[in-house]
Amino acid sequence: MQQTKFSLSEPLVEFLSRHRDLGFRDKSSMVRAALAEFKENLELEELKLSADLYAEVYREDSDLQEIADCAITGWPE
C-alpha cells in the first residue's frame, strides 16, 4: 500500500488517536475509511447532479420526450 504524508490540526490528531475506541485497528484504517466514505458521498452528489441535468434537458426537449415515449410504447405498466 502506498504511503502519504499529511498534516492535521490538534483536534483531528486527538480524534484519530481514538481509532481503537471507534472500531478501527489502526489510524491508517480509520483515515482510509473516512476518505472512502467522503469519496463515495462526492460521487453520489455528482450522480445526483448529472441526473438533475438530464431531467432538465428532457423537460425542455420535446423531441427527446417523443423518442422516449415511442421507446416505451408496448411495455408493461
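**Ground rules.** I number residues from 1 along each chain as its sequence is written, and side-chain values use heavy atoms, with hydrogens and water left out. Since the model is predicted, local features need pLDDT of at least 70 and side-chain atom pairs count only at pLDDT 80 or more, while totals for chains, interfaces and linings use all residues.

**Salt bridges.** How many salt bridges does a search of the whole structure find? I got 3. The term stands for a side-chain nitrogen of Lys or Arg within 4 Å of a carboxyl oxygen of Asp or Glu. Side chains of opposite charge can pair when their charged atoms come close.

I looked up Asp26 with Arg25: their side chains meet at 3.1 Å, N to O. Next I checked how open they are, where buried means under 20% relative accessible area, exposed over 50%, and partly exposed in between (1.4 Å probe, protein chains only). Arg25 is exposed at 58%, and Asp26 is partly exposed at 23%.

Then I went to Glu43, which forms a salt bridge with Lys39, closest N and O atoms 2.7 Å apart. Both sit in helix H2 (residues 27-60), 4 residues apart, about one turn of the helix. My helices are DSSP runs (H or I, at least four residues), numbered from the N terminus. Glu43 is partly exposed at 41%.

Lys48 and Glu45 make another salt bridge, with 3.8 Å between the closest N and O atoms. They are also in H2, 3 residues apart, about one turn of the helix. I noted both as partly exposed: Lys48 at 43%, Glu45 at 47%.

**H2 meets H3.** At what angle do the axes of H2 and H3 cross? I read roughly 95°, with the axes coming within 5 Å, H3 being residues 62-72. Axes here are lines fitted to C-alpha atoms, for helices over the stretch in contact, with angles from 0 to 180 degrees between N-to-C directions. The two helices are therefore roughly perpendicular, a label for 65 to 115 degrees.

**Leu16.** Is Leu16 buried or exposed? I found it buried, at 13%, and it belongs to helix H1 (residues 10-16). Leaving aside neighbours within four places in sequence, Leu16 is in contact with Leu8, Lys27, Met30 and Val31. I also looked up Leu16 to Asp26: 10 residues apart along the chain, with C-alpha atoms separated by 9.1 Å.

Key. Parallel < 35°, antiparallel > 145°, perpendicular 65-115°, else oblique. Contact = heavy atoms within 4.5 Å.
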